[in-house]
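Please walk through the structure shown below one part at a time, beginning with a single chain, then moving to the places where chains meet, and ending with a few local details.

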Amino acid sequence: MEFWRKIMNIDRRWVYLLIALSVTFPMIVVIKFPVEVTPVARQLYDAIDKLPDSSVVMLTFDYYPNAAAETEPMSIAALHHMFKKDMRVVTLSNIPLGGPTIAERITREIAAEYDKVYGVDYVNLGYKANYNAVMHGLANSIESIFPSDYTNTPLKDLPLMDSVKNYDDIGFIYVVADNATVDYWIQIVNAQYGVPIGSGVTAVVAPKMYSFVNSGQMTGLLGGMKGAAEYEKMVGEEGKAIRGMDAQSMAHLAIIFLVILGNIGFFATRKKEGKES
Amino acid sequence: MKKTVPVVVAFLAGFVMVISFFFNTEQIMNWLSVTFGMDSLHGKTMEGFVLQWVTIVSGFTLVLGVFSIVRVNARAVAKKSEGWFYKLLTVVSVFAMAIPAMLPVSKDTVGGKIVFGIFPDSWRALFGTGPTSIYDWLFTYLDQPMMETMFAMLAFFIASAAYRAFRARNAEATLLLLTAVIVMLWRVPMGEAFLRLFSDSLPNYIDLFIMNGFNVAVQRGIIIGAALGAASMSLRIMLGIERTYMGKG
Amino acid sequence: MVIFTSVNKRQMSTILRISILALLFIMAFSISAFAQTVDESVFRLDRFTVLIFVLVFSSAVLLYTNWARKGKELFVRKIPGIDAVEEAVGRATEMGKPVLFIPGISDVEDIETIAGLSILGRVAKITARYDTPLSVPVRYPMILAAGQEVVEQAYIEVGKADAYDRDMVKYVAGEQFAFTATVNGWMMRERPAANIYMGAFFAESLLLAESGNAAGAIQIAGTARPEQLPFFIAACDYTLMGEELYAASSYLSREPLLLGGIKGQDFVKVIIIICIIIGVLLVSFNIGDWFVNIFRVM
């Protein structure tokens, strides 16, 4: 009984230690369970896949660097998919802290693997303050909001932007976000301008997005690192997400173990207290 | 005046945004520019003006923040109160990132001529926010890892919160606990493989009934309720009924 | 526009307010009718349904507000989280510990932040009355300015202007996790007895709530972000969900005008529920397309 009481009131640092061990264990013993694809992830993949090759897709980097573990693999997998299909990619970010820098680094890295040329096959518009003004403004004219790209090159000097003037020239918007920005893309851009939108979000935000997928306002959804792993599997490019699934699996199992342990202790102490009273 | 002007500004700004949703304000502005000969209005939208003002005012308030952080921490440093060294570090960090980022990278401007009169030309790459700048280095090698570390702490905090909160105290708590365990299993390959031992379709049923069923219903209820609450609050603010946020009762 | 100020509010009837709104719409429509360059309709007919909804919603809110002003008794159910605020502040006073209030970590353009600031005003009145130290860390400079005004006014209204210190509301950091780390550190050092989180929160919600729990504080949270609610529910003693956050300020003040707003939005919610039920029935029998199309907006 005393044992269960101690278990119920265990110092939280033992819990932290268990989680730390469960996350580091798969680094030593690689298990690799197969990743199964969910219908919503398949929907997003198909939406991009069905676009004609050489379509223009807008890929947004609306996440802070702290969520990069979940969202960066999504962006990387998306770029692989788009460049494999010879799509032209326009990237931008509504997050001032890190978004455009991450976009610049990742797109250049992935584009180099496919011999894509900056300004012809892809452009990074960078960041502009006030997402409301940006999202509404892009409907009229991209150049009115972004007169130059992230590297301060005027848009008129970039051949890709000759044929991409506003949302009418964009086939799909792929939002990768860790915050409410994806809500604004749906409320402003999809609802008011009818541009199809799909998104990859962190696992915390994903449950909310199911209602938008269900209502048809969003075409497809990736949720957390599992979603990124699903997309990597579909694209055929194993990356950090698939490799991270083992650690996430062990962490989930550790939490389930703790929950079960806590409940056994709860019932054991309650039963004993009932008998004593 | 002090009470009236903010209410009037709130009403006008809100009214312009509402009008912009229902009317093509660019057409209205074009008509006004033709009728009254005001060329500067041509091609503009009403909401564009409001959004521009928001951006300008936001920019000025950044200065307020810097004053506040310096004043609060400098006072503690001067008094040598507890933890004064960390407060000094805070103030130094603010300027260490801001000053190099604001320095010009080109000699063509007036500021550039002054700065590169003092510093050697080879230091140009260190200024501004480019890939080789001090700002970028501090962000990539200090700020970013610290942000990622804080975010990673969530994993530990979730475990301790789940351990404490997921107890089958009553029927609702039991339902919460069971749903959480099922979804935690479903969301990882190892757990999904375990669920498939019972039935190959079990993960699909979880997706269908829990994520696309109960979850969507609850999320929609909360989203609709919150949206109505927000709309009601916005209307009260626009009409000047709710003024507590201004500090007026 | 002076008709909307507190000076002339008593003279304003609800019908007059609605008439003025309708008149302004008609004026805008008339301008568009006389516009010389009209290639397409200036009035967006595809959003007509939304206009009807906005007018119905506004009318409901204003009607209930008017009834409340005339003294009609309006029932609002108990919200335990809000009732607990005074109890929490009382606990802090007894323990001689401060109250921590965070009005969300979003900027002033987020309506949740405005709701948070409104609640801050009410909470500041309680802390002023009990002479309880209050700490309000903020993430954005605009919130700093607004928060200082709100708290100062609250202390003045309670007659404790001398007790007000502008550094009660302090700008901590502009970055989400820098803000969280600073607040967590302060919580572990100062051990506030009551933590009140009211506004928009993101990933840091659990970090704040767990640290507050470890510090032994009673915690009351309120947010309209559905994705953060589970964390607050797991780690806090009381949680206000969704619109309860927007109702909190009205609930705390018990001002009839504000309570009328809550009743108005509840009326509209009933209309939405009826529309959902009608829609589900019609679509189930395959005759609902026309009904669904009424609500489509482009």
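**A guided reading of the predicted model**

Of the 277 residues in chain A, 49% are buried, and this, like everything that follows, is read from a predicted model. The secondary structure of chain A consists of eleven helices and six strands, and along the principal axes its C-alpha atoms fill a box of roughly 80 × 40 × 30 Å. Chain A is divided into domain 1, made of residues 2-30 + 246-276, and domain 2, made of residues 39-238. The C-alpha centres of domain 1 of chain A and domain 2 of chain A lie 40 Å apart. If one takes the contacts in chain A between residues at least 6 apart in sequence, 72% of them join residues at least 24 apart.

For chain C the average pLDDT is 84, and 86% of the residues score at least 70. Among the elements of chain C, the lowest mean pLDDT, 59, belongs to helix 1 (residues 14-33), whereas the highest, 97, belongs to strand 1 (residues 99-102). Over residues 1-8 of chain C the pLDDT is below 50, and this stretch has 16 contacts in the model beyond near neighbours in sequence.

We can now turn to the places where chains meet, starting with chains A and B. Here 39 residues from chain A and 36 residues from chain B take part in the contact. On the side of chain A that touches chain B, the elements that give two or more residues are helix 2 (12-28), helix 6 (131-140), helix 9 (206-214) and helix 11 (240-276) of chain A. Helix 11 of chain A provides the largest share of that side, with 13 residues. Sorted by class, the side of chain A that touches chain B holds 23 nonpolar, twelve polar and four charged residues.

Chain B also meets chain C, with 60 residues of chain B in contact with 67 residues of chain C. The elements that give two or more residues to the side of chain B that touches chain C are helix 1 (4-22), helix 2 (25-36), helix 3 (46-79), helix 6 (134-165) and helix 9 (202-238) of chain B. Helix 9 of chain B supplies the largest share of this side, 16 residues. The side of chain B that touches chain C is made up of 38 nonpolar, 18 polar and four charged residues.

Within chain C, the domain assignment gives domain 1 (2-73 + 256-294) and domain 2 (81-253). The contact between these domains takes four residues from domain 1 of chain C and four residues from domain 2 of chain C. On the side of domain 1 of chain C that touches domain 2 of chain C, three residues are nonpolar, one is polar and none is charged.

A closer look at chain C can begin with strand 1, where C:Val99 and C:Phe101 point one way while C:Leu100 and C:Ile102 point the other way, and all are buried. Strand 1 of chain C runs parallel to strand 2 (residues 134-138) of chain C, and two bridges join them. In one of these pairings, C:Leu100 has C:Ser135 of strand 2 as its bridge partner.

Helix 4 of chain C, residues 111-130, is mostly covered, with 18 of its 20 residues buried. At 1.5 Å a residue this helix should span 28 Å, and its end C-alpha atoms are 29 Å apart, which agrees. Just after helix 4 of chain C, C:Asp131 takes a positive phi of about 60°.

Why is a positive phi worth a remark? Most residues other than glycine have a negative phi. A:Asn152, although it is not a glycine, has a positive phi of about 65°, and it is found in the loop between helix 7 (142-145) and strand 4 (172-177) of chain A. A:Asn152 is exposed, because 8 other C-beta atoms lie within 10 Å. C:Asn286 likewise has a positive phi of about 65° without being a glycine, and it lies in the loop between helix 10 (256-284) and helix 11 (289-294) of chain C. C:Asn286 counts as exposed because it has 7 C-beta neighbours inside 10 Å.

Methods: Residues are numbered from 1 along each chain as its sequence is written. Chains are lettered from A and ligands numbered from 1 in the order in which they are written. This is a predicted model: local features need pLDDT of at least 70, side-chain atom pairs count only at pLDDT 80 or more; totals for chains, interfaces and linings use all residues. Two residues are in contact if their C-beta atoms, placed from the backbone, lie within 7 Å. Helices (H or I, at least four residues) and strands (E, at least two) are DSSP runs, numbered from the N terminus. Ala, Val, Leu, Ile, Met, Phe, Trp, Tyr, Cys and Pro count as nonpolar, Asp, Glu, Lys and Arg as charged, and the others, Gly among them, as polar. The expected span of a helix is 1.5 Å times one less than its number of residues. A residue is buried if 20 or more other C-beta atoms lie within 10 Å of its own, exposed if 12 or fewer, and partly exposed in between; C-beta atoms are placed from the backbone. Domain bounds come from an automatic or database domain assignment. pLDDT is the predictor's confidence in each residue, from 0 to 100. Two strands pair if DSSP finds at least two bridges between them.
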